[in-house]
Structures are given as C-alpha cells and as structure tokens.
Amino acid sequence: MHPTTDNRPSLLLAMGPGVADRLLTGAHRARLAALTRTDPHLVAHDLTAPDARTAAALAEAEVLLTCWGATPLTAEVLDRAPRLRAVVHAAGSVKHHVTDACWERGLRVTSAAAANALPVAEYTLAAILFAGKGVLRSARRYAGLRTGHAWLEESTAWGNHRRTIGIVGASRIGRRVIDLLAPFDFEVLLYDPYTEVPGVEAVSLDELCARSTVVSVHAPQLPSTYRMIGAAQLAAMPDGATLINTSRGSLVDEPSLLPHLLTGRLHAILDVTDPELPRPDSPLWTLPNVLLTPHVAGSLGNELHRMADQAVGEVERYVRGEAFVEEVRAADLTRSA
C-alpha cells in the first residue's frame with residue numbers, strides 16, 4: 001500500500017474565550033474534523049501573540065472559523081498565516097475583525113448574518129405585537145391594581161388591527177421582519193435610500209415616522225446613520241406610538257427621545273442604547289413606558305447552533321470548491337453592519 005496524502009484544508013478556530021463551547025456541538029466539531037485538518041479543541045483566543053501551538057496552527061491554516069471576540073486580522077497577524085485563503089465567520093458583522101489587509105490579500109469572507117437575522121426579526125415581531133396590544137402598560141397597571149378592572153373600556157386605543165408599522169432599513173433583518181409581518185393585518189411602510197421591497201410602500205423617513213404606530217429601526221451603524229432618528233422624526237411620531245430599536249443605540253438621538261418618554265407621549269422597546277449600558281441613573285431603567293433589554297435580540301443560547309450550522313455549511317462548500325452562499329465583499333461593508 002502507498003501512503004495517502006491528506007489534501008483537506010487546514011482550519012483553525014479563532015474566537016473569544018468560552019465562545020466555541022457555546023457555539024459548537026459535538027456534531028459540529030465532528031463534521032469539521034471530517035471536512036478539514038483541524039484540532040477541534042484548539043481555539044485561538046489571541047492571534048497577536050500566539051503560543052507555540054497556536055502559532056503553528058495559524059501558520060498552516062487555510063481557513064479561519066471565527067466568531068465573537070476574534071482577533072482583528074491585521075497585516076501583522078496575516079503575516080503569521082501565509083496559507084490563509086478564507087475567513088468563515090459564525091456570527092453577524094465581520095467589521096470587528098476583517099480589516100483592509102484581508103481584502104488586500106484577496107481573502108474570501110463569509111458570515112452567518114442570515115442565521116443571526118432570524119432571532120432579531122422574531123424579537124421584533126413579538127415587540128410589535130406586544131406594543132399594539134399594550135402588553136407592557138396593561139401588565140404593569142394590572143400588577144398595581146390587583147383587582148378587577150374595566151379593561152375593554154380602557155383599551156379602546158389598543159389592538160393590532162390595521163396598524164401602520166414603519167421599518168427603517170431594508171437590511172437583512174429589516175426584510176426578514178417584513179416577511180414575518182406578512183400574515184398579519186398591518187400596513188407596512190419602508191424607509192431605505194438604497195433598497196426597495198416589492199409590495200411595500202417606500203416613503204421618506206419623516207413620512208414614515210409621522211404615519212406609523214410602531215417605528216422599528218433596522219439600519220446599519222454607519223456615519224450617515226448616526227442619530228438618524230432625531231428630534232424632528234421623534235416629534236413627528238403620533239401620540240402613543242412605540243419606537244423599537246434592535247440595531248445600534250447610536251441610530252437614535254436618545255437625548256431627544258427622553259422628553260417624549262418622560263411625558264409618556266411615546267413608548268419604547270430598546271434592546272440597544274447609547275451608551276450600550278445606560279448610566280445607573282438613567283430614567284430608561286424605571287420608566288413604565290419603556291422595555292429595556294440587554295442586547296438579547298440576536299442569537300443566544302441554542303440559537304448559536306443555527307449560526308454554527310450555516311458556518312460549517314460554508315466550510316463544506318469551500319472544501320468542495322464551491323462559492324459561498326453568504327459571501328461578504330468589501331464593498332458590502334459601506335452599507336451594512
């Protein structure tokens with residue numbers, strides 16, 4: 001018998017401490033081991049000053065499988081990875097670690113943004129439905145009263161029948177939210193300066209805010225989107241309307257939002273704020289018309305396995321010499337998260 005040559009590409013896991021254990025099941029690790037030459041239990045946390053074992057694996061790596069906490073792939077890091085050809089990111093945005101040096105060296109990049117979009121869209125759908133039904137305010141009022149009450153008389157302004165929902169940004173998540181809203185009896189408006197969605201009325205941002213009972217923000221964080229929901233847009237929103245933000249806190253002018261929340265004129269469901277952690281004395285913690293969650297709309301718990309499924313599928317396509325399904329290009333990052 002003649003010795004066989006293992007032509008499988010070498011793969012290295014690169015992500016923050018503890019992330020791989022939450023991301024990858026035993027089945028994922030076994031599949032990676034079958035597709036590539038990899039140590040499924042070696043996870044590179046720091047590529048800027050790797051230990052000897054990690055440095056050797058990086059020098060051989062043709063594919064990096066990354067996730068949250070991955071080291072930025074600077075020119076200095078890439079100099080240690082002369083064989084590297086592809087970065088497969090098992091999460092959403094690649095902006096935190098894919099640098100200009102990656103594009104200059106012709107690396108192929110893919111991400112699991114599509115898999116991460118679904119839980120954000122599901123959170124948003126739940127938020128829209130709860131906002132229309134007045135769930136937050138009625139639950140708090142019910143807990144305060146602790147007795148029978150004429151809810152039908154008080155709730156005349158509630159309900160989800162023919163409400164107008166404004167979607168800011170036809171991003172991957174924004175489009176997914178529009179899809180999820182299709183079975184419901186809503187009028188959907190869209191503001192996006194670059195993209196239209198068939199069957200959805202495209203309007204200006206000011207018109208969207210003025211007409212919508214719920215405004216849900218899904219635009220990317222870019223210099224051009226900083227505080228795009230500003231004083232004029234917030235003032236245009238109808239009394240009793242709800243602002244939902246699952247994108248980035250910097251897209252909303254929080255100082256202009258607070259007066260509307262303090263008077264109770266507007267409601268808000270905020271999964272992100274600016275700063276990311278509100279100050280301890282921020283009114284957002286205690287206002288009865290605000291639901292504040294700790295950036296949990298995206299993948300968490302067993303939802304991480306959906307991102308791993310997509311990433312491992314992309315690795316398999318790479319091994320077969322096929323195109324990535326969710327390839328990221330440098331030009332995409334000028335208008336995406």
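This is a predicted model: local features need pLDDT of at least 70, side-chain atom pairs count only at pLDDT 80 or more; totals for chains, interfaces and linings use all residues.
Gly 106 is exposed, with a relative accessible area of 52%, a value that falls in this class because exposed means over 50%.

**Gly 106 and the chain as a whole**

- Gly 106 is found in the loop between helix H5, residues 100–104, and strand E5, residues 108–111.
- The C-alpha atom of Gly 106 is separated by 7.6 Å from that of Arg 85, although the two residues are 21 residues apart along the chain.
- For the protein chain in general, among contacts between residues at least 6 apart in sequence, 66% join residues at least 24 apart.

- Strand E1, which spans residues 11–14, runs parallel to E2 and is joined to E2 by two bridges.
- Leu 13 has Val 43 as its bridge partner in E2.

**The sheet of seven strands**

- An open sheet of seven strands, with parallel pairing, has the order E8-E7-E6-E9-E10-E11-E12.
- Here strand E8 (201–202) and E12 stand at the edges, each with a single partner strand, so that one side of each is left without a neighbour in the sheet.
- Within this sheet, E9 and strand E10 (residues 242–245) run parallel and are joined by four bridges.
- Val 214 stands opposite Thr 242, a residue of E10.
- As background to both sheets, strands of a sheet pair through backbone hydrogen bonds, either parallel or antiparallel.

**Nonpolar cores**

- The largest nonpolar core has 27 residues, and those with the most contacts inside this core are Leu 13, Met 15, Leu 23 and Leu 65.
- The elements that give two or more residues to this core are E1, helix H1 (19–23), helix H2 (26–35), strand E3 (63–66), strand E4 (86–89) and helix H13 (304–319).
- The largest share of this core comes from H13, which gives seven residues.
- Another core, of 26 residues, lies apart from the largest one, and among its residues are Val 168, Leu 189, Leu 258 and Leu 287.
- Leaving aside residues up to four places away in sequence, Leu 23 touches Met 15, His 28, Cys 67, Ala 90, Leu 304, His 305 and Ala 308.
- In soluble globular proteins, nonpolar side chains tend to be buried together.

**The cavity**

- A search of the whole structure finds one cavity of 30 Å³ or more, and the largest cavity has a volume of about 50 Å³.
- The residues that line the largest cavity are Asn 245, Gly 249, Val 252, Glu 254, Leu 257, Leu 270, Val 272 and Thr 273.
- Sorted by class, the lining of the largest cavity has four nonpolar, three polar and one charged residues.

**Backbone features in loops**

- The peptide bond that leads from Asp 274 to Pro 275 is cis, with omega near 10 degrees.
- Pro 275 is found in the loop between strand E11, residues 267–270, and strand E12, residues 290–292.
- Arg 162 has a phi near 60 degrees, which is a positive value in a residue other than glycine.
- This arginine, Arg 162, is found in the loop between helix H8 (151–154) and strand E6 (163–168), and Arg 162 is exposed, with a relative accessible area of 64%.
- Arg 227 has a phi near 50 degrees, again a positive value in a residue other than glycine.
- The loop that holds Arg 227 is the one between strand E9 (214–217) and helix H11 (231–236), and Arg 227 is partly exposed, with a relative accessible area of 32%.

How values were computed
Residues are numbered from 1 along each chain as its sequence is written. Side-chain values use heavy atoms; hydrogens and water are left out. Buried means under 20% relative accessible area, exposed over 50%, partly exposed in between (1.4 Å probe, protein chains only). Two strands pair if DSSP finds at least two bridges between them. A nonpolar core is a set of buried Ala, Val, Leu, Ile, Met, Phe, Trp, Tyr and Cys residues joined through side-chain atoms within 4.5 Å. Contact means heavy atoms within 4.5 Å. On a 1 Å grid over the protein atoms alone, a cavity is a set of points where a 1.4 Å probe fits but cannot get out, and a pocket is an open set with protein on both sides within 12 Å along at least five of seven lines; lining residues have an atom within 4 Å of a point. Grid points are joined across faces, edges and corners, and a volume is the space filled by probe spheres set on the points. Ala, Val, Leu, Ile, Met, Phe, Trp, Tyr, Cys and Pro count as nonpolar, Asp, Glu, Lys and Arg as charged, and the others, Gly among them, as polar.
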